[in-house]
Amino acid sequence: METQAKIYDVAIIGGGAAGLSAAQALGRARRSVVVIDAGEPRNAPAAAMHNFLSRDGMNPLELLEVGRAELVKYGVEVINTRALDTLRNEAGFTISLGNATEVSARRLILATGLKDQLPDIPGLAEHWGNDVLHCPYCHGWEVKDLRLGVIDSAMAMHQAPMFTQWSKRVTLFKGPNKVLAAEELEQLEALGVEVVESVVTTVLGEAGSVRGVELSDGTQREIDALVVMPNFDVDVSCVKSLGLVTQEHVSGIGRHVPVDDGGQTEVPGLWLAGNVANPMAQVIMAAADGLGMGLRVNADLMKEDFDHAVAELRMKKAVV
Ligand SMILES: Cc1cc2nc3c(=O)[nH]c(=O)nc-3n(C[C@H](O)[C@H](O)[C@H](O)COP(=O)(O)OP(=O)(O)OC[C@H]3O[C@@H](n4cnc5c(N)ncnc54)[C@H](O)[C@@H]3O)c2cc1C
């Protein structure tokens, strides 16, 4: 394995909004920074990004391209590959990469995002991010007033009422086994949500355009878009040797890595930014989180640098 002798101040695994924002703050603070990125941000399936002031409707990948271009003048290096594992050592961290090299850095920011695990329904994944959606704030406007079908999940009784704010034509495909409380049924009735006793077995339509659904009772329904609740999962295999633990998020929507208020983990020198720690963060929030983490890591490095400078001065004076 080829070894790079250089020890960066900071390595960042993940070049989404969180990782690139951390990199920009650190690059501008004159830190040597390397970003390792596999290039698969979770919103890549979506054609457009919303709720990012001044970038409304921009393609999610274009945002990252612009972000990467901005990093060049600050000397931030980007390596397009996957981080495989990370060891803690005297340098700080050494990360082995998918391109058969490794990099070392004094501090590490993990900004690897999360994975959306969709229900296993034929045809569903092809439409994910466009007319199969989970977040009304991201894409509710784009499906306003359309015929929306809510696929049953533990969050269905949260999603079905909520989406009536965007369309009055909401159908909940709850299936025969789910029992709704009298108040829940009353709320759905009051909001005009149709409740169907079958589950969706197939999504019909060509990629990019849902036409309808096939149901467990053998019938078909015309639907324009589907609301789904993926299970959020995090993959921390690139730091497996550091023993980082994942846990269920309090909201019940999946897993994340818990951090303290400052974004630091139990592993000294390892910080987390974006969806890997906070699954609820939208792009601008993940970016803000990355920026905050960049500043904290820089402060931590400064302390170490200042302590070294004082120790060196004392040594020099002692020799004289
Ligand atoms: C379909 C969809 C649409 C969305 N639309 C919107 C929207 O319109 N507006 C909005 O604000 N939010 C939207 N979101 C949420 C948005 O995707 C997240 O807020 C955002 O992506 C979080 O940024 P992040 O940097 O934490 O993670 P990500 O953007 O997921 O970036 C993580 C990066 O780390 C890389 N990575 C992971 N593991 C490794 C590894 N081992 N080695 C190297 N690199 C690695 C990934 O390849 C990826 O490039 C949407 C989400 C989905 C699923």
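This is a predicted model: local features need pLDDT of at least 70, side-chain atom pairs count only at pLDDT 80 or more; totals for chains, interfaces and linings use all residues.
Figure 1. Cys135 counts as buried because its relative accessible area is 13%, where buried means under 20% relative accessible area, exposed over 50% and partly exposed in between (1.4 Å probe, protein chains only). Cys238 is likewise buried, at 5% relative accessibility. Residues are numbered from 1 along each chain as its sequence is written, and side-chain values use heavy atoms, with hydrogens and water left out. Local features need pLDDT of at least 70 and side-chain atom pairs count only at pLDDT 80 or more, whereas totals for chains, interfaces and linings use all residues.

**Figure 2. The largest nonpolar core.** A nonpolar core is a set of buried Ala, Val, Leu, Ile, Met, Phe, Trp, Tyr and Cys residues joined through side-chain atoms within 4.5 Å. The largest one holds 30 residues, and Ile13, Ile95 and Val239 are among those with the most contacts inside it. At least two residues of this core come from each of strand 1 (2-13), strand 2 (33-37), strand 5 (92-97), strand 6 (101-110) and strand 19 (270-272). Strand 6 gives the largest share, four residues. Helices (H or I, at least four residues) and strands (E, at least two) are DSSP runs, numbered from the N terminus. In soluble globular proteins, nonpolar side chains tend to be buried together.

**Figure 3. The surroundings of Leu108.** Neighbours within four places in sequence are left aside here. The partners of Leu108 include Ala11, Ile13, Phe93, Ile95, Val239 and Trp271, contact meaning heavy atoms within 4.5 Å. A second, separate core has 26 residues, including Val10, Val35, Met49 and Ala287.

Figure 4. Leu53, Ile284 and Met285 make a nonpolar surface patch of about 310 Å². Accessible areas come from the Shrake-Rupley method with a 1.4 Å probe, and for residues only the protein chains shown count as cover. Leu53 lies in the loop between strand 2 and helix 2 (60-72) and is exposed, with a relative accessible area of 75%.

Figure 5. Helix 5 (residues 182-191) lies largely in the open, because one of its 10 residues is buried.

Terms used:
Patches are made of residues with over 30% relative accessible area and no salt bridge: like charges are joined within 9 Å, nonpolar side chains (Val, Leu, Ile, Met, Phe, Trp, Tyr) within 5 Å. A salt bridge is a side-chain nitrogen of Lys or Arg within 4 Å of a carboxyl oxygen of Asp or Glu.
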